[in-house]
Amino acid sequence: MKRLQTILISLFFIFSCGVYFAQDAKDLVRQGKRAQNMGNTEEAIEIYNQAIDLEPDFTDAYTARAYSFGFRGDHDLAIQDYTKVIELDPNNADVYISRGS
């Protein structure tokens, strides 16, 4: 009986942690923006990378990462991300402006 209790408690812990840490790309972009706003550019970029890995066509993740790349002075990487957004969403006029800045 004690062993069954231990197993059930362990399973509960494992599954509750999995639900807590499971995030979608939108959540990750929000988390990345918070990190960027706090001055943690490297952390923000890593979080945006995770969002892109989860959802490779999510333009918000590329746009946010492009901003962070530009903020740290990596303009070539920023342009690459803005170009990717234009490929995915050619009607997004704001990205053309950001890419040209």
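I'll start with one residue. Ala 51 touches Ala 25, Leu 28, Val 29 and Ala 61, leaving out anything up to four places away in sequence. This is a predicted model, so please take what follows as a description of a prediction.

Now the core around that residue. The largest nonpolar core has 21 residues. Ala 51 is among those with the most contacts inside this core, together with Val 29 and Ala 61. Which helices supply it with at least two residues each? They are H2, residues 25–37, H3, residues 41–54, H4, residues 59–71, and H5, residues 75–88. Of these, H3 gives the most, with 6 residues. As general background, nonpolar side chains in soluble globular proteins tend to be buried together.

Stepping back to the whole chain. The secondary structure comes to 6 helices and 0 strands, so the pattern along the sequence reads α-α-α-α-α-α. The protein chain has 101 residues, and 28% of them count as buried. Its accessible surface is about 7,200 Å², and carbon and sulfur atoms account for 57% of that area. On contacts, take those with a separation of 6 or more: 36% of them join residues 24 or more positions apart.

The crossing of H3 past H4 is left-handed. Which residues make the contact? From H3 they are Thr 41, Ala 44, Ile 45, Tyr 48, Asn 49, Ala 51 and Ile 52. From H4 they are Ala 61, Tyr 62, Ala 64, Arg 65, Ser 68, Phe 69 and Phe 71. Ala 51 and Ala 61, which I named for the core, are both on that list.

One more residue from that list is Ser 68, in helix H4. Is Ser 68 buried or exposed? Buried means under 20% relative accessible area, and Ser 68 has 0%, so it is buried. What does Ser 68 contact, leaving aside neighbours within four places in sequence? The partners are Gln 36, Thr 41, Ala 44, Ile 45 and Tyr 48.

Key:
Residues numbered from 1 in each chain as written. Predicted model: local features only at pLDDT ≥ 70, side-chain atom pairs only at ≥ 80, totals over all residues. Heavy atoms only, no water. Helix = DSSP H or I, 4+ residues; strand = E, 2+ residues; numbered from the N terminus. Buried < 20%, exposed > 50% of the residue type's maximum accessible area, 1.4 Å probe, protein only. Contact = heavy atoms within 4.5 Å. Areas by Shrake-Rupley, 256 points an atom, 1.4 Å probe, with all protein chains shown as cover. Core = buried A, V, L, I, M, F, W, Y, C linked by side-chain atoms within 4.5 Å. Left-handed = near helix turned anticlockwise from the far one by under 90°.
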